[in-house]
Amino acid sequence: MGGGVRWQLPPLLWTGSLAFDIRRDQLDTEGVRQQRLVTATLGTATYLYAPWLAIVNGTVGLTRGTVQGDAPDDSSGGSRFVTGKLQLSLLPRSRFPSELRYEVSDSRIDSSLGGGVDYRSRNVSVLQRYRPVNGEFSVSASYERRSQDSADFGQDTQDSFLADFASHWKRHQLTASLTRSANRRGSTGEESDFTSLVARHSAAWAPALSLESSVNWARSDDQLRFDGSGLTGRRSTTLAQASSLAVWRGDTVPLTVTGSLRAFTFDGGGENNGTTLAAGLGATYEFSRQARVNASLTATSIDGNTSITSVGQVSGTYQGDQRQWGTAQWSWFSSAAVGAARTDARTDASVSTQLGHNLSNVWLIGGSSWGVSLAQTGSVAVANQTASPEQLLPPDRLSRALTQTLAFTWTKPGEQGSAFSRLSFTDARQFDSEKSHFSFVNFQVSGTHELDRRRSWTGDLTWQRSVQSSTPLPTVTVPDVSRFTQNQRNASGELTWRHLRVFDVPRLNFTSRLRVALNTQRQSDEILALPDRETASWENRLDHQVGRLENSFSMRVSKVDGRRNVFLMWRLQRNFGG
């Protein structure tokens, strides 16, 4: 027999399913809507000639459905639509693999969705990679197009392109990436295009000396459409930035020196343009494990003017040894800083110091861990500023502040689960200048528990409350100012219950998940009260499988900003192949 290429039919792996769905949505503002869907799905996976040449896999689904509802657009007429995906991988194990994907999906056959809005999605993507034999660099490029179609919001499309490059040689590493994305909304005609280029270079000539540099450029073009406000037209924004950071660490002396350069330009059209140049130099010297001194100097020039803003600071920190008194631990720290800033004829100088400590204790009681900690930090600063004609306060200002935090924790580990809770109080006060006051309360509890091999629950709850008040500094135009107060509360939590073999039936599983979120905000200068934001969702799911027959029922009750939605879904599915 003669040699040559021998073509033969490759093996095919077939899969399939037949599913029947009943979905029921009930919205407060839109009434009741019910859908019945029958979906037949066929999938296959194979290769072309050999697995190293090309691998193909895909699925196709045909769905027929009916819709009945209270809305005028809903009718009992039938509808048919096709879904599926196709993936082709060329030379998957080579140095230049390629991949092509095409997918069509529909929200009506997605069991995880339910909101009364039906839409269809299409996704096309192409990916190409390349790496040479020596592996000195790698490059990849991808293109993806997504589109969503709906009778409610029209057609939206997103096009994105991404290219990456990476290389390394000797002590150098270089990476670069190019991104381009375009979003278009068909119902309003709005468009948004964004292009970004980022390059990074790093080098380490010795363990003591390293250099990091980066360059990035970005441009956005927006086509605006706002009915009734007159805000229509095109807006373009361009920015570019380059920066470098050099670090030197001494081998024989505990000294670290850093130097940085940064250039930034912004072009927003019209008068919204600017250029910033900045240079900085810093040093850190460690006298011991506990004490260190830092010094820094920064100079900034804006828009190329002759005026330069320079900022200098010298600071030192000291961390005291930790003391042990029985089971209690105590530590303290202190710091001091001297700084100055100058711009033209304006000079600002400040001297500040901080002193703080932390006391904590842990008790082990009955397999649980109870802990308490108290932290306090006091600071004093004196600032000298060049007097301003609009300023009513003296140029020398004293600022005293005190921050206190008290926290209680409880932890219980175990073989069947674990539990954790923490309650903390934070109070920060400024006794001079704006005389601001901030208080914060945070409570968190979470845990997991297994009653037995079949039943378990997990939960997490967080509640927060903050109150902030301050008095703005008086000026010539506003000599009498009122105190500003803001009160905010947040709560969020999730509780999940899982039960396997319900009623002792094999492969009959139940899951219940409750999610809640609440946000309220009040402030003293509000004209209209800010609306409360609340979200609640309770989902229950029952799944049963006998061989290749799957039966599932799900119910979700949700409430978002006062709007209530009830979603029910039952699915019966028979799988084939394997």
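Visitor: Is Gln-241 buried, partly exposed or exposed?
Guide: Buried means under 20% relative accessible area, exposed over 50%, and partly exposed in between, with a 1.4 Å probe and protein chains only. The relative accessible area of Gln-241 is 22%. Gln-241 is therefore classed as partly exposed.

Visitor: Which side chain makes a polar contact with the side chain of Gln-241?
Guide: This is a predicted model in which local features need pLDDT of at least 70 and side-chain atom pairs count only at pLDDT 80 or more, whereas totals for chains, interfaces and linings use all residues. Residues are numbered from 1 along each chain as its sequence is written, and side-chain values use heavy atoms, with hydrogens and water left out. A polar contact is a pair of N or O atoms within 3.5 Å; within protein, one must be able to donate a hydrogen and the other to accept it, and residues adjacent in sequence count only if both atoms are side-chain atoms. At 2.8 Å, the partner of Gln-241 is the side chain of Arg-262.

Visitor: How far apart in space are Gln-241 and Val-215, C-alpha to C-alpha?
Guide: Gln-241 lies in strand E12, residues 233–249, where strands (E, at least two residues) are DSSP runs numbered from the N terminus. Leaving aside residues up to four places away in sequence, Gln-241 touches several residues, including Val-215; contact here means heavy atoms within 4.5 Å. The two are 26 residues apart in sequence, yet their C-alpha distance is 5.8 Å.

Visitor: Is Thr-520 buried or exposed?
Guide: Thr-520 belongs to strand E26, residues 508–523. Beyond residues up to four places away in sequence, Thr-520 touches Asn-487, Gln-488, Arg-489 and Asp-532. Because its relative accessibility is 10%, Thr-520 counts as buried.

Visitor: Over how many bridges do E2 and E3 pair?
Guide: Two strands pair if DSSP finds at least two bridges between them. E2 (residues 31–48) and E3 (residues 54–69) form a hairpin with 5 residues between them, and Leu-48 has Ala-54 in E3 as its bridge partner. The pairing is antiparallel, and the number of bridges is 16.

Visitor: Which residue in E4 stands opposite Gly-65?
Guide: E3 also pairs with strand E4 (residues 78–90), in the antiparallel sense and over 13 bridges. The residue in E4 opposite Gly-65 is Ser-79.

Visitor: How many strands are there in the protein?
Guide: Of its 578 residues, 22% count as buried. Among contacts with a separation of 6 or more, 48% come from residues 24 or more positions apart. The protein has 0 helices, and its number of strands is 29.

Terms used:
Helix = DSSP H or I, 4+ residues; strand = E, 2+ residues; numbered from the N terminus.
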